[in-house]
Every structure is written in C-alpha cells, then in structure tokens.
Amino acid sequence: MNSVAFVYHKDYLLHTPPFDHPESPDRLVAILDHLAATGLMDKLVAITPGYAEEADILRVHDPSYLQKLEMACRRGDLTLDAEDTYLNRNSYTIALLSAGGAIAGAEAVASGKVRRAFCAIRPPGHHADRKTGMGFCLLNNVAVAARYLQARHGVSRIFIVDWDVHHGNGTQSIFLEDPSVYFFSIHEHPSFLYPGTGRRWETGKGAGEGTTLNAPMAPGSGDAEYRLAFEQMLRPAIEAFRPEILLVSAGFDAHQDDPLADIQLTVEGFRFMSRFVVEMADRHCGGRLVSLLEGGYENRSLTASVEAHLQEFLGE
Ligand SMILES: [Zn+2]
C-alpha cells in the first residue's frame, strides 16, 4: 500500500496579507493548479481537515498566547508580536484549520488509512514557539501533530526533519528538553538570515540533551552539500533514535530561485531529500511519514519541488 493523502482546505486562502507579503494564498493556488495540470492530484487521497480543538493546541501553546492571538484577530490587528507576522480577522480560525490539517494528516497515517501524507496547509508553523508567533507562523503545526500522536495514538518516539531554509526555532524550543521528540533542522547559516538560531552546539537541554541536531549550511550550498549532511548527520541520527513515525517540516525556500535565501538547491535536491525520508520511514517507521508545508515563496520552483516530493511519496 503506497497510498498518499493530500490534506487541504479551501479556507486556507482566507488568511490574506493586509500588505504585500511573500506568504500569500497564491502559493497554495499554484500548488493545486500544478498538481491538477500534471495529473498527480488524481493519484492522491484527498482529505479535508477540520479545525484543531483548543485542547490540541494547548498541548503546545500557552493559553495566554492563544487568547492573545484570538483577541488580536477579533480586534482587527494587522500584525502579531513580530512585524513580519500578519493577521486578518480570519487568521485565528484559519490557524486552527492549519493545525487541524497537520492533525488530519497525522491521524490518516497513524490509523493506517494511508501510508504517507502531505499537508498543503497555511499559515506555516515552525517559527511559532509556546508563547510567540513569528516569521509568518501563528501556531506550530508540526508540534501540534507530534503531541496529538503522542496523546491519541500512544506514539513514544517521533522524529522531525525540518528542511525549510530557515531554522525551525519554534519547534526546537518546544521540544528542547523532551527526549521523546527528536528535532533535526538543516538551514542556511551563518548569514543575516532569519531567525539566527540553529547552530551546531544547540543539541538539546536537560533530559532532551542529544535529541536536537542542527545542520547549518553556508550561503551558496546546494544539492551536494545537503546530500552529504543527510548521509553523515541525519541518517545516523534516525538510525540511533529508532522513531515510530517521521514528520517533515517541508519548506521549499532552499530552492535556488527562492527570493528569501541563498541556498542553491534544485528540484533534484528536493527529490533526493524526499526519497531519503521515504526510505527512512519505510525502514524504521513502518512507512509512517507525514509532511507539512512550511515556506517556499517562488511559485514555479515551489510547485515543481512539491511535484517531485509527491512523486517520491507515491513511489514513482
Ligand atoms: Zn522558511
């Protein structure tokens, strides 16, 4: 069984920027159009998610933060915490729907309905920590999915691979002291690139020491450097941790045409990484693999990279 879920809700388009901004609904429209045009969409199991429940979110975020986010949207605030993180009046409910998408993908895979899932969700999540929205992220979708899997499916060891070009600082901070969730991030660094964290010596804390791993990549790095880091760092980390499920924070902004960074991956680089996580999940996790959209801001490279990602998920 190689069935692959595609999780999407049309209301993801209702989270719209009040000013010119790279994280726009067009990203998802482009992905949907492309998957329809290439015929890939017909091969996927469409899942329409519901809203995450408050209890799902509170496994990850502070109640005070959730309240602040809801009030800010109700008031009609245009930004939250950091100036780059915009809001409109729909953003709170659409953030719940985005986290609900992550849960729906996790549920479909954990229950055995499908082997793998890709969640075409927004707003993205990996910069949001327990108490702060930042970097276009409101709720940490991948963290909500991980905690859901632990609470509802009794999963004890979860491995998160974050290949968005920006460091997943929010996810790292949420699981920093937690040995049950391994966090691996490969991202551009050093440079002035956002958010500035994710150095090699950030390896976890307390009981979670040794279950955070960062692969900072110099500006200009490309497919060859990423391949080496996957083989030399990621492979042994997964083999030693023996996860029961693999989650991917799949940003596609490390592509050479993306305007937000200086990493030079091609579509073939994303194909390699996608095949790598499929193989790792097949070997160690009974195939269980859930991928969540994070960044990716140049629509042609975004859609071509998502296409390669899903071809590998389908085993084509
Ligand atoms: Zn990013």
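Okay, one definition before we start: when I give an angle between elements, axes are lines fitted to C-alpha atoms, for helices over the stretch in contact, and the angle runs from 0 to 180 degrees between N-to-C directions. And a reminder that what's on the screen is a predicted model.

So, the overall picture. The protein chain has 316 residues, and a compact globule of that length would have a radius of gyration near 20 Å; this one comes out at 17 Å, which agrees. Along the principal axes, the C-alpha trace spans about 50 × 50 × 40 Å. Buried residues account for 55% of the chain. If you look at contacts with a separation of 6 or more, 76% of them link residues 24 or more positions apart. In secondary structure terms, we've got nine helices and 10 strands.

Now the sheet. Eight strands make up an open sheet, with parallel pairing, and the order reads β2-β1-β5-β10-β9-β6-β7-β8. At the edges stand β2, residues 45-47, and β8, residues 212-217; each has a single partner strand, so one side of each is left without a neighbour in the sheet. From one strand to the next, the twist averages 15 degrees. To zoom in on one pair, β9 (residues 245-250) and β10 (residues 289-293) run parallel and are joined by five bridges. Leu247, for instance, sits opposite Val290 in β10.

What lies across those strands? Helix α4 lies across β1, β2, β5, β9 and β10, at about 170 degrees to β5. Helix α9, residues 299-314, lies across β1, β5, β9 and β10, and its angle to β5 is about 165 degrees.

Let me stay with α4 for a minute. This helix covers residues 91-110, and at 1.5 Å a residue its 20 residues should span 28 Å; the end C-alpha atoms are 28 Å apart, so that agrees. Is α4 enclosed or exposed? Well, 19 of its 20 residues are buried, so the helix is largely enclosed by the rest of the structure. Just past α4, keep an eye on Gly112, which takes a positive phi of about 85 degrees.

As a general point, nonpolar side chains in soluble globular proteins tend to be buried together. Here the largest nonpolar core has 103 residues, and the members touching the most others are Val144, Ala145, Ile160 and Leu246. The biggest contribution to this core is from α4, with 13 residues. Take Ala145 as an example: beyond its neighbours within four places in sequence, it is in contact with Ala102, Ile103, Gly105, Ala106, Leu247 and Val290.

β3, residues 79-80, and β4, residues 82-86, pair in the antiparallel sense over two bridges. Thr79 has Tyr86 in β4 as its bridge partner. One residue lies between the strands, and Asp81 has a positive phi near 50 degrees.

Which segment holds Gly315? The one after α9. Gly315 has 12 other C-beta atoms within 10 Å, and 12 or fewer is the cut-off, so this residue counts as exposed.

Notes: Residues are numbered from 1 along each chain as its sequence is written. This is a predicted model: local features need pLDDT of at least 70, side-chain atom pairs count only at pLDDT 80 or more; totals for chains, interfaces and linings use all residues. Two strands pair if DSSP finds at least two bridges between them. Helices (H or I, at least four residues) and strands (E, at least two) are DSSP runs, numbered from the N terminus. The radius of gyration is taken over C-alpha atoms; the globule rule is 2.2 Å times the number of residues to the power 0.38. Two residues are in contact if their C-beta atoms, placed from the backbone, lie within 7 Å. The expected span of a helix is 1.5 Å times one less than its number of residues. A nonpolar core is a set of buried Ala, Val, Leu, Ile, Met, Phe, Trp, Tyr and Cys residues joined through C-beta atoms within 7 Å.
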